[in-house]
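Trainee: Could you walk me through this one? I am new to it, so please go slowly.
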Amino acid sequence: MEFKNNEFLSNFSTYFRDRRKTLFLCFSIFFIIVFLLLSFYVVDSSPKSWDLLVSQELQEDPSALLDVLMKGFSWLGTVYVAAIMVTVFSLVFLIFKYFREGLFVLSCLLSGGVSYVLKMLIDRPRPTTDFVRIVEETHYQSFPSGHVLFYTAFFGTLMVIAISSSILKISWKIMITVICLAMIVLGAVSRIYLGAHWFTDVIGGFIVGVLFVMLTGSIYLRSKKKSTQVQK
């Protein structure tokens with residue numbers, strides 16, 4: 001009887017593991033297809049109707065205070081500030097001997113290179129004063145949003161670390177997840193409000209960011225699982 005139970009548990013574990021791999025592959029393919037379709041959709045430089053609609057809604061009631069707040073959220077995604085944030089968080093993990101987590105966070109620096117390559121390939125112009133209110137002058141091409149890609153990669157990485165942690169209480173996991181999600185959303189909203197990006201740019205950045213975290217996160221979780229098995 002015990003042998004049958006062990007066999008059942010082994011088969012169930014294998015099925016569950018295979019199912020997770022299938023889901024991961026399906027979600028990856030889905031996001032890649034959506035991003036490719038979106039890229040072809042925006043390659044025409046003219047702004048799309050829903051881009052204009054979202055920009056008009058977010059910029060409908062501008063104020064000096066809102067300008068400052070949105071610039072603040074956007075500032076966290078600038079190249080130097082982003083690099084400092086990643087470095088500081090990585091060092092904190094490394095100092096406390098969480099080497100795997102430190103490297104996982106450090107991998108977020110690669111998102112900048114991914115963003116730059118995609119921008120050069122797709123070559124979509126930034127929004128202009130003919131269509132939106134430009135609060136913050138920007139450089140390079142528009143699609144995908146590098147800020148949103150970084151926010152999704154960085155805060156998504158922190159969420160994966162928090163959720164998979166064995167030492168954090170559930171209340172802390174929920175709080176960290178909510179804060180990280182809020183930062184991703186506010187970062188995306190700020191880019192549209194400031195006239196730096198179109199709505200489709202933001203969606204593109206989010207999709208690539210999710211794919212980035214799926215890839216690096218799967219490597220991190222697999223490594224963490226192997227380490228746990230070795231310790232046992």
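Trainee: What does the accessible surface of the protein come to?

Mentor: The accessible surface is about 14100 Å², and 72% of that belongs to carbon and sulfur atoms; such areas come from the Shrake-Rupley method with a 1.4 Å probe, and for residues only the protein chains shown count as cover. Keep in mind that this is a predicted model, where local features need pLDDT of at least 70, side-chain atom pairs count only at pLDDT 80 or more, and totals for chains, interfaces and linings use all residues. Residues are numbered from 1 along each chain as its sequence is written, and side-chain values use heavy atoms, with hydrogens and water left out.

Trainee: Okay, how many helices and strands does the protein have?

Mentor: There are nine helices and zero strands, where helices (H or I, at least four residues) and strands (E, at least two) are DSSP runs numbered from the N terminus.

Trainee: And what share of the residues is buried?

Mentor: Of the 232 residues, 40% are buried, a word that means under 20% relative accessible area, with exposed being over 50% and partly exposed in between (1.4 Å probe, protein chains only).

Trainee: Why does Cys108 count as buried?

Mentor: Cys108 counts as buried because its relative accessibility is 1%, and Cys180 counts as buried because its value is 4%.

Trainee: Switching topic, how many disulfides does a search of the whole structure find?

Mentor: The search finds zero disulfides, a disulfide being a pair of cysteine sulfur atoms within 2.5 Å.
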